[in-house]
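Thanks for coming, everyone. I'll walk through one structure, chain by chain. Please look at the picture first.

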Amino acid sequence: MPKDVPPRWDRRMQQRLARGEAAALGELYDRFASLVHSLAHRVLGDESAADRITREVFGYIWENPDAYDPKQGSMRSWVARVTQVQAVARLRQAELGRGSREDLERKVAGANAAARADFIVTSMPAPLRAALELAYFKRRDYRQAAADLKISEDEARRRLRLGLQLLSTANTLPREDIAPPGYGGSR
Amino acid sequence: MTGPSGAPGDGYDDGCGDGYGLPGGGTRIPGPRGAADDLDPRYAPDAPPVAAPVTPPPTPPHGVLKSLLGAWALAACSAEETQAVEDHLTECAPCAEEALRLRDAVGLLHPADSLDLKPMLRSRVLEDCLGKRPARIPVPAWATPYDTETARLDALLQDFGDAEWHTPVRLKWFEGERGRSHRTTVAGVIGHLLTVDGMVATALGLDDPLGPDAPQGNPSKRTEFFWGGSDRPVTRQVREPWREQGHTLVRTVSFAGRGVAELSVDYGPFALPLGDAFLERAFECWVHAWDIAEAVDYPYDPPSGPDMHRMIDLAARLLPGALAHRRRSGLAAPPRGLVAAGAPGRTLHLEIEGSGGGSWDIALDSPAAKPSPEHRVAHIALDGGEFCQLAAGHISPEEAAIGQQGDREAIRDVLFTAASLSRL
């Protein structure tokens with residue numbers, strides 16, 4: 001569920017974490033655990049590995065709340081990035097020595113794109129996501145989707161196209177695949 | 001902004017807009033190249049015969065074709081439109097490039113994982129974190145079961161659609177000598193939790209979620225006030241305020257001083273110190289989460305052993321007072337003799353098996369009497385889940401599967417009293 005949280009929430013959460021407030025840690029978990037877990041699961045395809053990444057990611061954030069820079073974007077996207085980096089590092093570790101180097105790189109690239117795509121889908125405006133869900137998962141054509149959503153056909157076409165345009169950036173805009181400063185991949 | 005080329009962020013408007021779809025243009029299906037592109041006579045005069053025999057559907061203007069790219073990539077347009085787009089793609093490089101990009105993007109769509117987060121993961125993650133870096137402002141131990149149970153229920157609600165939110169739920173409790181029930185919906189149950197948690201909030205000086213006119217110190221009256229406050233049924237909108245209040249409560253007691261656990265919360269016929277009120281709220285949250293899960297046919301686990309133990313301990317501590325209350329109402333047998341305050345009196349030994357279990361000695365004659373192993377007159381043993389069901393009013397004292405020996409009357413009184421701890 002996307003949350004339109006104002007940046008104020010992000011900054012306040014960071015301050016609360018920095019001053020060691022356990023209640024803030026619980027709230028952080030409640031807001032982001034499903035995001036972290038599902039991204040880790042998408043990259044690693046394994047539930048217990050995703051559990052482990054979830055523990056590591058929250059551990060990292062709790063120990064390094066200052067690593068988040070509100071000027072660089074939302075806490076949500078930062079949490080997603082930390083998760084992706086950690087999960088992909090684990091994927092590399094697990095796949096090392098299995099198959100060729102090219103296979104590994106292809107796998108990593110695929111996992112990165114899949115994780116970014118998931119994040120984009122969960123973060124995109126709800127109207128776009130609703131249109132994509134109808135067209136893709138419910139197999140409605142755009143006219144039916146327009147009727148379902150009580151919008152014009154023009155608008156339905158617009159939302160489907162815009163939704164896919166956003167999603168396509170997962171393939172073309174690789175997020176930095178290097179660890180953010182101070183974040184070792186092998187913690 | 002409803003125009004077909006109004007999609008924001010597209011940079012393609014000027015690239016290939018010329019030549020196609022001019023209103024009133026005679027040529028419906030453009031040839032591979034526009035005649036004016038090339039003066040080669042082979043291209044110029046041949047166009048007209050192509051369109052002659054059947055009249056094909058008019059080709060949509062470029063802007064429309066472009067706006068169809070998303071629907072096309074998702075296979076969500078008509079056969080004619082698909083054909084028109086595909087014809088167009090052979091001629092328009094920018095659209096062809098975008099089409100490819102969007103089709104690749106479709107490959108990234110993926111059904112959301114139906115995988116649920118394991119509820120116990122939260123406690124483990126928090127424990128891990130606090131082991132690495134101890135909290136400077138910890139959550140008081142008596143508030144953690146509430147924190148855990150509200151988070152667990154919230155996770156259950158996470159994927160609920162409107163259908164689930166409006167699923168009927170029958171709330172059950174025990175009053176006097178018999179079971180009572182009230183029908184509401186999943187949203188109504190969350191409203192009930194919001195309402196009663198609000199009593200703890202006001203005890204802490206926070207705003208009453210029901211506003212200043214709400215009845216105080218009476219969970220049922222408050223709930224009726226909330227349910228009856230609007231003509232429209234409670235909706236999923238209730239989740240956010242309930243959740244936020246829960247977070248606020250936990251945060252507030254984290255910052256409060258040590259003595260806060262002793263602050264009194266008024267429940268009407270009785271009052272609980274804040275620490276116990278948090279436990280009571282945790283118990284109620286679990287019980288209603290269980291009601292909800294049953295109504296929508298989801299599995300729902302009991303609390304962790306240590307949390308369950310705290311909840312059972314609270315019930316065991318409440319039993320002597322509640323028994324005295326029933327006695328005053330003529331619902332329990334009179335005491336067998338006067339016991340001076342603090343002196344040992346007749347005692348029932350309560351043994352709870354399973355996770356969170358333990359054993360408790362319950363004073364039978366008066367809340368002021370001291371329970372004493374030497375004065376045991378009865379012994380009952382039951383499973384923790386069973387005891388909680390009983391204390392929640394979900395099963396009647398006659399239904400509970402219990403191992404018992406000793407004074408029958410004392411056993412009956414304690415079991416009925418346990419059931420009477422429940423309320424709406």
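Let me start with burial. A residue is buried if 20 or more other C-beta atoms lie within 10 Å of its own, exposed if 12 or fewer, and partly exposed in between, with C-beta atoms placed from the backbone. By that count, 36% of the 424 residues in chain B are buried. In chain A, 46% of the 187 residues count as buried.

Some ground rules. This is a predicted model, where local features need pLDDT of at least 70, side-chain atom pairs count only at pLDDT 80 or more, and totals for chains, interfaces and linings use all residues. Residues are numbered from 1 along each chain as its sequence is written, and chains are lettered from A and ligands numbered from 1 in the order in which they are written.

Next, secondary structure. Helices (H or I, at least four residues) and strands (E, at least two) are DSSP runs, numbered from the N terminus. Chain A has 8 helices and 0 strands. Chain B has 14 helices and 8 strands.

One record for chain A. An unreviewed UniProt entry lists residues 28–94 of chain A as "domain: RNA polymerase sigma-70 region". UniProt positions are in the numbering used here, feature names are shortened, and annotations may be inferred rather than shown by experiment. In the model, that span is 81% helix and 0% strand, and its end C-alpha atoms lie 29 Å apart.

Now the interface. Two residues are in contact if their C-beta atoms, placed from the backbone, lie within 7 Å. On that basis, 50 residues of chain A touch 50 residues of chain B. Which helix gives the most on the chain A side? That is H8(A), with 14 residues. The chain A side splits into 21 nonpolar, 13 polar and 16 charged residues. Here Ala, Val, Leu, Ile, Met, Phe, Trp, Tyr, Cys and Pro are nonpolar, Asp, Glu, Lys and Arg are charged, and the others, Gly among them, are polar.

On to the core. A nonpolar core is a set of buried Ala, Val, Leu, Ile, Met, Phe, Trp, Tyr and Cys residues joined through C-beta atoms within 7 Å. The largest one has 151 residues, and A:Ala135 and A:Leu160 have the most contacts inside it. Its largest share, 14 residues, comes from H2(A). Take A:Leu160. Beyond neighbours within four places in sequence, its contacts include A:Ala131, A:Ala135, B:Gly70 and B:Leu74.

Chain B has strands to look at. Two strands pair if DSSP finds at least two bridges between them. S5(B), residues 344–353, pairs with S7(B), residues 370–383, in the parallel sense over 9 bridges. There, B:Leu350 has B:Ile380 as its bridge partner. S5(B) also joins S6(B), residues 358–363, through 6 bridges, running antiparallel. B:Glu351 stands opposite B:Ser359 in S6(B). That hairpin has 4 residues between the strands, and B:Gly354 takes a positive phi near 90°.

Then a loop. B:Phe270 sits between S3(B), residues 264–266, and S4(B), residues 271–273. Why is B:Phe270 exposed? Because 12 other C-beta atoms lie within 10 Å. B:Asn218 is 52 residues away in sequence, yet 9.9 Å away C-alpha to C-alpha.

Last, H14(B). Residues in H14(B) that are buried include B:Ala410, B:Asp413 and B:Phe416.
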